[in-house]
Amino acid sequence: MKYFVALAVCFSVSAGAADTTYTAADFARVRKFDAHVHANVGDRKFLDVARKDGFELLSINVDYPDFPMLEKQAAVAHQLQKEDPQRFHFLTTFTMKGFEGPTWTADSIRHIDDEVAHGAVGVKVWKNVGMVEKDAQHKLIFLDDPRFDGLMNHLERKGIPLVAHQAEPKNCWLPLDQMTTENDRTYFREHPEYYMYLHPEQPSYETLIAARDHFVAKHPKLIFNGAHMASLEWSVDRLARFFDKYPNATADLAARMTQVQFQSNADREKVRQFFIEYQDRLLYGSDLTENPPDPHARAQNPPDNGQGFEKEADDFWRSDWVYLATSDAQHIDAIKADVKGLALPKSVIEKIYYANAHRVFARLAQAAAN
Ligand SMILES: [Zn+2]
């Protein structure tokens, strides 16, 4: 009997420890939300794998030349949302065409309100603002440009969230051999037009970040989500300062996990503490993209592993889960290293993987009810 009691105590201790964190085997059964994907094909592959793996999806329409036209992206979003309104959600966007014309603000507002009425839960602005789009004076247009005020004040007033991909990872301004991750090296090798190291005449990293920060400061009530760790992926300290300064800001983790892993391999406890301290400000996201087959397609996020989209998505999601939720080690090719997981507490995982997205995108509940 004594032996039995001792064993029971022993069991309860290990059960207690297991209670605090999830395991790799918990992956599919815990409800999750991927706050940054691009579903650009109207087939069922993305929804099927999301259903199997326990994910809701937020698909982001974006004015990106490698993606289908905006009208086509919107049509796919409407169709998939109709098929599974509980699981599929989308963000609309706006075009920069006619930005300086007299009706751009009113036209953009009308378009956004129309998409919101169709179920969009927010708006995306892309890095073409700050890096590509120029005005009649051949000057780059930045996000804090007063000509955006009418549109952005509207979003602020209406409580429509803005997801902003501004600037690029800091690696974009470094020579290829100094970049910290293989995925950045591949992307910028394939996209010389966005590889700022090759374009010293373009604004610096800090100039773009400063314009973005100035914009966030100008709109203190705007529900602001910085895509890709708000382009501060290289330093959790820097991202912490951004969160401290702008209480209305959150960030997604899309396509930047390798940057986090690079940092946690240097100081795991520091990165783990960052996630715990900012557990209300981080949204899980992958940047998984399903595009129409295109022989001219360049680098994708993640690169096509030739085994089909479902396998690619499942592998990607599971790897991130193992990293964030467990203490298991895995080899990460993009940083050519073994990485030990952060083993974040269950309560933190549930926020980053679900609750934060439902708080930030409050229209989710409404869209699903329609
Ligand atoms: Zn994206």
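1. The second largest pocket has a volume of about 590 Å³. A pocket here is an open set of points on a 1 Å grid over the protein atoms alone, with protein on both sides within 12 Å along at least five of seven lines. Grid points are joined across faces, edges and corners, and a volume is the space filled by probe spheres set on the points. The model is predicted: local features need pLDDT of at least 70 and side-chain atom pairs count only at pLDDT 80 or more, while totals for chains, interfaces and linings use all residues. Residues are numbered from 1 along each chain as its sequence is written, and side-chain values use heavy atoms, with hydrogens and water left out.

2. Lining residues have an atom within 4 Å of a point. Helix H3 (70–83), strand E3 (88–93) and helix H4 (104–117) each give two or more residues to the lining. Helices (H or I, at least four residues) and strands (E, at least two) are DSSP runs, numbered from the N terminus. The lining divides into 14 nonpolar, ten polar and five charged residues. Ala, Val, Leu, Ile, Met, Phe, Trp, Tyr, Cys and Pro count as nonpolar, Asp, Glu, Lys and Arg as charged, and the others, Gly among them, as polar.

3. Ser108 is part of helix H4. Ser108 counts as buried because its relative accessibility is 6%; buried means under 20% relative accessible area, exposed over 50% and partly exposed in between (1.4 Å probe, protein chains only). Leaving aside residues up to four places away in sequence, Ser108 touches Phe94 and Leu151, where contact means heavy atoms within 4.5 Å.

4. There is one cavity of 30 Å³ or more, a cavity being a set of points where a 1.4 Å probe fits but cannot get out. The largest cavity holds about 40 Å³ of space. Strand E4 (123–125) and helix H5 (128–131) are the elements that give two or more residues to its lining. Among the lining residues are Asp63, Phe94, Lys124 and Trp126. By class, the lining has five nonpolar, two polar and two charged residues.

5. The zinc ion has His36 (NE2), His38 (NE2) and Asp287 (OD) as protein donors, at 2.1 to 2.2 Å. Donors are N, O and S atoms within 2.8 Å of the metal (3.2 Å for Na, K and Ca); water is not among the atoms, so sites may look incomplete. Along the chain the donors follow the spacing H-x1-H-x248-D. His36 lies in strand E1 (residues 32–39) and Asp287 in the loop between strand E8 (282–283) and strand E9 (289–290), so the pair ties together parts 251 residues apart in sequence. Both His36 and Asp287 are buried.

6. Arg31 sits in the loop between helix H1 (2–20) and E1. Arg31 counts as exposed because its relative accessibility is 58%. Not counting residues up to four places away in sequence, Arg31 touches Gly54, Tyr353 and Tyr354.

7. Helix H8 (residues 205–218) has 14 residues and reaches 20 Å from its first C-alpha to its last, close to the 20 Å expected at 1.5 Å a residue. The expected span is 1.5 Å times one less than the number of residues. The buried residues of H8 include Leu208, Arg212 and Phe215. Among the elements that the buried residues of H8 pack against are H5 and helix H10 (236–245).
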